Amino acid sequence: MKTTNLLLVVTGLSPQVVTETLFALHQQGEPLPEAIHILTTAEGYQRARLTLINDGWLGRFYDDYQLPKPAFSEHHIHVLEQADRTPLADIRSQADNQAIADGITEWIRQLTEAPDTKLHVSIAGGRKTMGFYAGYALSLYGRPQDRLSHVLVSADYESHPQFYYPTPYSQVIYGNDPSRKPLDTQNAEVILADIAFVRLRHGLDQALLEGKSSFSSSVAMAQQALNPPHLTIVVKTRELIANGKFIKLSPADLSFYLWLLHRQQTNQMAPKCPSDGAPDSGYAAEYLSHYRAINGELGGVDRTLSHLQNGMSKSFFEQRKSRINKILTANLQQAAQAYLIIPVGRRPLTRYQIMLQNEQIHYQQEING
């Protein structure tokens with residue numbers, strides 16, 4: 001499967017950072033992007049459109065270095081919007097700040113959605129808050145193949161309105177200061193500085209990865225996944241609260257889960273799965289004590305008793321374990337690991353337990369058992 005390289009650049013009033021980044025990649029012998037996207041303000045859109053497109057500096061760069069041109073047009077220049085969907089002129093209020101955070105987050109979520117892409121995010125341009133949000137959003141949604149960078153330009157050429165990249169030939173411009181000293185663009189130094197970032201994508205709920213989400217929601221979800229696991233059992237409503245989520249279990253499944261937790265909390269050995277054709281009567285008796293405590297003497301006890309009258313079978317054990325793990329994974333995604341019923345040890349000595357410590361488990365209603 002061919003990987004498509006994408007470059008996303010955050011810019012403000014200096015669209016030069018696009019060509020500077022491209023030059024640095026080319027200078028280092030790295031693949032150039034097949035498509036370029038820019039996130040900017042309304043004023044930044046006009047500057048990028050007028051200086052980079054058609055006969056602008058982007059085309060000149062590719063012509064100067066005889067390189068194949070990427071997909072890039074005014075449709076690749078995306079103007080961040082205010083809360084009311086009007087183009088953002090600048091970041092002047094808390095509402096503007098929230099709007100750019102959400103806008104940048106959503107673009108990076110979209111651009112990291114396809115598995116056959118490699119996203120390079122440059123935070124060299126725009127206001128500092130824009131660069132911060134771009135970096136943070138990539139930390140939330142970035143994959144192993146994605147990259148974050150900044151370009152460093154020698155002082156005389158930095159932010160110079162006539163400098164876009166070191167040319168392969170001599171071209172004189174004049175200093176952007178009172179000295180107005182002559183400068184040769186081919187002597188400029190441009191360095192690509194990679195920025196390491198922590199990838200938190202594994203902690204996000206699948207719903208956030210697939211649908212639009214605000215910056216604050218994405219951060220909150222990642223933070224929840226990073227918090228130490230904590231489990232609350234609400235016996236009355238037959239629910240678990242894990243990683244901040246309410247998870248409903250059937251009485252049969254909840255009883256099985258509580259049985260395993262009770263054995264751990266009372267320092268009993270974790271149970272093995274009963275052997276085929278050899279049901280375990282002790283397991284059945286322990287399990288039923290929890291089942292009766294949360295379900296009473298009605299509502300399915302007789303049916304459950306019939307399944308366990310000869311002891312807990314291998315199929316009963318495996319069915320409960322699989323159903324519970326499936327429900328936990330569907331609700332918690334990658335954060336489910338701490339709450340799953342997992343095998344410990346090699347066969348035939350494998351036992352099953354939940355990797356929670358006693359202090360991480362809380363009951364809202366005491367049960368018998």
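1. Gln-82 counts as partly exposed, at 26% relative accessibility. Here buried means under 20% relative accessible area, exposed over 50%, and partly exposed in between, with a 1.4 Å probe and protein chains only. Gln-82 is found in the loop between E3 and helix H4 (94-111). Helices (H or I, at least four residues) and strands (E, at least two) are DSSP runs, numbered from the N terminus. Gln-82 touches Pro-87, Leu-88, Asp-96 and Ala-99, leaving aside residues up to four places away in sequence. Contact means heavy atoms within 4.5 Å. The C-alpha atoms of Gln-82 and Pro-348 are separated by 62 Å, and the two residues are 266 apart along the chain.

2. A word on the source. This is a predicted model, in which local features need pLDDT of at least 70 and side-chain atom pairs count only at pLDDT 80 or more, while totals for chains, interfaces and linings use all residues. Residues are numbered from 1 along each chain as its sequence is written, and side-chain values use heavy atoms, with hydrogens and water left out.

3. Now the overall form. The protein chain has 11 helices and 14 strands. Its radius of gyration is 29 Å, well over the 21 Å that the globule rule gives for 369 residues, so the chain is more spread out than a compact globule. That radius is taken over C-alpha atoms, and the rule is 2.2 Å times the number of residues to the power 0.38. Along the principal axes, the C-alpha trace spans about 95 × 45 × 30 Å.

4. Next, packing and surface. Of the 369 residues in the protein chain, 49% are buried. Among contacts with a separation of 6 or more, 69% join residues 24 or more positions apart. The protein chain exposes about 18,400 Å², and carbon and sulfur atoms supply 50% of that area. Accessible areas come from the Shrake-Rupley method with a 1.4 Å probe; for residues, only the protein chains shown count as cover.

5. Charges come next. The protein chain has 34 positive and 35 negative side chains. The centres of the two sets lie 8 Å apart. Lys and Arg count as positive, Asp and Glu as negative; His and the chain ends are not counted. Each charge is placed at NZ of Lys, CZ of Arg, CG of Asp or CD of Glu.

6. Aromatic pairs deserve a look. The count comes to 19. Rings of Phe, Tyr and Trp (its six-membered ring) pair if their centres lie within 6.5 Å; planes under 30 degrees apart count as stacked, over 60 as edge-to-face and the rest as tilted. The rings of Phe-61 and Tyr-65 have centres 5.4 Å apart and planes at 45 degrees, so this pair is tilted. Phe-61 and Tyr-65 are both buried. Tyr-65 also pairs with Tyr-165, edge-to-face, at 6.3 Å centre to centre and 65 degrees between the planes. Tyr-65 lies in the loop between helix H3 (57-64) and strand E3 (77-79), and Tyr-165 in the loop between strand E5 (147-153) and strand E6 (172-174), so the pair ties together parts that are 100 residues apart in sequence. Tyr-165 is buried, as is Tyr-65. One aromatic cluster is formed by Phe-23, Trp-57, Phe-61, Tyr-62, Tyr-65, Tyr-164 and Tyr-165.

7. Ile-77 lies in strand E3. Ile-77 is buried, with a relative accessible area of 5%. Leaving out residues up to four places away in sequence, Ile-77 touches Ile-38, Thr-40, Tyr-45, Ala-48, Arg-49, Ile-53 and Phe-72. Ile-77 and Val-198 are 121 residues apart in sequence and 27 Å apart in space, C-alpha to C-alpha.

8. His-230 lies in the loop between helix H7 (215-226) and strand E9 (231-234). His-230 is partly exposed, at a relative accessible area of 38%. Beyond residues up to four places away in sequence, the contacts of His-230 include Ile-241, Ala-242, Asn-243 and Tyr-339.

9. Finally, the backbone. Most residues other than glycine have a negative phi, and most peptide bonds are trans. The peptide bond from Arg-347 to Pro-348 is cis, with omega near 0 degrees. Pro-348 sits in the loop between strand E12 (341-344) and strand E13 (351-354). Asn-54 has a positive phi, near 60 degrees. Asn-54 lies in the loop between helix H2 (42-52) and H3, and counts as exposed at 72% relative accessibility. Phi of Asn-267 is also positive, near 60 degrees. Asn-267 lies in the loop between helix H8 (251-265) and helix H9 (281-295), and is exposed, with a relative accessible area of 71%.
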